Amino acid sequence: MLFIVNPISGKGRKKSIIARLRKSGYKVVCTEYAGHAEKLAREAAEQIVVAVGGDGTVNEVARGLVGTGKTLGIIPCGSGDGLARHLGISHVFNNAMKTITSGKTSPLDAGTINGRLFFSVCGVGFDAVVSERFAKCGKRGLSTYIKEGLKTWRIYLPEKYKINIDGQDIEHEAIFITVGNSNQWGNGAKITPLADSSDGILDMTIVDGFRAIELPWLAGRLMTGSAHKSRRVHTYRGRNIIIDRSSEGPAHADGDWFEAGQRLKINVIPHALDVLVP
């Protein structure tokens, strides 16, 4: 197997992890630039390719493995680690290694948003703007994400969306829309709590505008996996989703923001690759 390490993702556990892996005789390669992990994974001769990092690193490695028949492994050590948490992969290194060496393989769906692959969640609206600000501020970690989120909240207004889900048209004014293959953004915040990453269907959560005083209450719903029970939240499921908005702006795929147009086309790729799980 091959371990691909992003040395700058998340917070600094990488040196000790690299040292332990190499001491055990495993092949380890560190990424050197954005997109390097995808190239390394695609060209790897090994059957099992393990992403060591956060959701961005997992996304890159998984992109490189789609269509190759090789299996994805994950050692989570990023800022959010949404896919790893969804799959039940431990943040304790020894336990994560047990999953790599003696776990089972499970099919993993993928999604695309305007042609970009994602394996956890994608979205538009407030969380996409926060993802952009988080990426540009130069600091990692949950506290930084919360800080940027609170700054954005003070100035952000809901937007009107026209949505088509498998041929069904709906309209919503929303603060954000998240489409999930997994059940969460990361850090245990379950924004699409009923999502199943191997059922060939995407889960969509639409959140209405709400008052700042309601933020702690909504946060509690996210952390307990009950956001879908809120009257502020609307949930749908589908395989092919089109979202139209009034203007261009940021969107995100697995937490990485990108500039997108007014129309977003989101589709599922059932069983795009296999992943090692406990």
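**Questions on the fold**

Author: Among contacts (heavy atoms within 4.5 Å) in the chain between residues at least 6 apart in sequence, those that join residues at least 24 apart make up 68%. This is a predicted model, in which local features need pLDDT of at least 70, side-chain atom pairs count only at pLDDT 80 or more, and totals for chains, interfaces and linings use all residues. Residues are numbered from 1 along each chain as its sequence is written, and side-chain values use heavy atoms, with hydrogens and water left out.

Reader: How many helices and strands does the chain have?

Author: Helices (H or I, at least four residues) and strands (E, at least two) are DSSP runs, numbered from the N terminus. By that rule, the chain has eight helices and 16 strands.

Reader: What is the radius of gyration of the chain?

Author: The value is taken over C-alpha atoms, and the globule rule is 2.2 Å times the number of residues to the power 0.38. For 278 residues the rule gives 19 Å, and the chain is close to this, so it is as compact as a globular protein of that length; its radius of gyration is 18 Å.

Reader: How many residues of strand 3 are buried?

Author: Buried means under 20% relative accessible area, exposed over 50%, and partly exposed in between (1.4 Å probe, protein chains only). Strand 3 covers residues 48-53 and is mostly covered. Of its six residues, the buried ones number five.

Reader: Which residue in strand 4 is the bridge partner of Val 52?

Author: Two strands pair if DSSP finds at least two bridges between them. Strand 3 pairs in the parallel sense with strand 1 (residues 2-5) over four bridges, and Val 52 in strand 3 stands opposite Val 5. Strand 3 also pairs in the parallel sense with strand 4 (residues 71-76), over six bridges. In strand 4, the partner of Val 52 is Ile 75.

Reader: Against which elements do the buried residues of helix 2 pack?

Author: Helix 2 spans residues 36-43, and its buried residues include His 36 and Leu 40. The buried residues of this helix pack against strand 1, strand 2 (27-30), strand 3 and helix 3 (55-65).

Reader: Is Asp 81 buried or exposed?

Author: Most residues other than glycine have a negative phi. Asp 81 has a positive phi, near 55°, and is found in the loop between strand 4 and helix 4 (82-87). With a relative accessible area of 3%, Asp 81 is buried.
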